[in-house]
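Colleague: I would like to go through the labels on this model one by one. Please give me the value, then the cut-off, then the conclusion.

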Amino acid sequence: MESPFLLELRRHLQDETPGTEVLRTAFIPLDHLLADIATDLQIVYDGPGVGLGTQPNLHRLRVAQHHWTGSEQAWGLAVCSYAGPGEPRSEWRIARASRERLPVILRALPEFFHGYAELALREHPERGSCKRLQEIAHLLGR
């Protein structure tokens, strides 16, 4: 049986976009799941753009070892800024993005999971995390 939050995200991808709190609530366990997968795989993946307005690629979904406030470092998914030279800057965990950006993130999930699963299969085909990424990509429709 599939996780309820993934089924809810799939339903919202197929129907109308839900309210802010519904998305935040679904994104919290998704963030935890992706942190576990990213920690297992430890591969950087630059995903689709989730920018607003005329700059869709200024912010993108990115799996990496993110550096948060203080000394906190953790593998996982974040919305990252691609402005300026150097490494993209980790801005927000997905559940903490602005209310305008939340539906953009939702619509980017099928492409995100498809690309992340393909990269993971090339890098670590023997890992169970790869299979899980493929299952989620299939569930979300890509």
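Predicted model: local features only at pLDDT ≥ 70, side-chain atom pairs only at ≥ 80, totals over all residues.

Colleague: What makes a stretch a helix or a strand?

Modeller: Both are DSSP runs, numbered from the N terminus: helices are H or I with at least four residues, strands are E with at least two.

Colleague: Why are α2 and α3 called roughly parallel?

Modeller: Helix α2 covers residues 20-41 and helix α3 residues 102-123. They pack at an angle of about 20 degrees, with axes 12 Å apart. Axes are lines fitted to C-alpha atoms, for helices over the stretch in contact, and angles run from 0 to 180 degrees between N-to-C directions. Under 35 degrees counts as roughly parallel, over 145 as roughly antiparallel, 65 to 115 as roughly perpendicular, and the rest as oblique. Therefore α2 and α3 are roughly parallel.

Colleague: What is the handedness of the crossing of α2 and α3?

Modeller: α2 passes α3 in a left-handed crossing. Left-handed means that the near helix is turned anticlockwise from the far one by less than a right angle; clockwise would be right-handed.

Colleague: Which residues meet between α2 and α3?

Modeller: Contact means heavy atoms within 4.5 Å. On the α2 side, the residues include L23, F27, L30 and L34. On the α3 side, they include L106, L109, F112 and F113. By class, this contact has 16 nonpolar, 1 polar and 1 charged residues. Ala, Val, Leu, Ile, Met, Phe, Trp, Tyr, Cys and Pro count as nonpolar; Asp, Glu, Lys and Arg as charged; the others, Gly among them, as polar.

Colleague: Why are α3 and α4 said to be roughly antiparallel?

Modeller: Helix α4 spans residues 128-139. α3 and α4 pack at about 155 degrees, with their axes 9 Å apart. That angle makes α3 and α4 roughly antiparallel. Their crossing is left-handed. F113, H114, Y116, A117, A120 and L121 in α3 meet C130, L133, Q134, I136 and A137 in α4. The contact has 9 nonpolar, 2 polar and no charged residues.

Colleague: What makes α2 and α4 oblique?

Modeller: Their axes come within 10 Å and cross at roughly 140 degrees. α2 and α4 are therefore oblique to each other. L33, L34, I37, D40 and L41 in α2 meet S129, C130, R132, L133 and I136 in α4. By class, that is 7 nonpolar, 1 polar and 2 charged residues.

Colleague: How do you know whether C130 is buried or exposed?

Modeller: Buried means under 20% relative accessible area, exposed over 50%, and partly exposed in between (1.4 Å probe, protein chains only). C130 has 1% relative accessibility, so C130 counts as buried. C130 sits in helix α4. Its C-alpha atom is 6.0 Å from that of A117, 13 residues apart along the chain.

Colleague: Why is P103 put in its accessibility class?

Modeller: P103 comes out at 18% relative accessibility, so P103 counts as buried. P103 is in helix α3.

Colleague: What polar contacts does the side chain of H66 make?

Modeller: A polar contact is a pair of N or O atoms within 3.5 Å; within protein, one must be able to donate a hydrogen and the other to accept it, and residues adjacent in sequence count only if both atoms are side-chain atoms. A polar atom of the H66 side chain lies 3.1 Å from the backbone oxygen of R62. The H66 side chain also reaches the backbone oxygen of G76 at 3.0 Å. H66 is in strand β2 (residues 59-67). At 2% relative accessibility, H66 counts as buried.

Colleague: What is noted about the phi of Q42?

Modeller: Q42 has a positive phi of about 50 degrees although it is not a glycine. Most residues other than glycine have a negative phi. Q42 is found in the loop between α2 and β1 (45-49). At 48% relative accessibility, Q42 counts as partly exposed.

How values were computed. Residues numbered from 1 in each chain as written. Heavy atoms only, no water.
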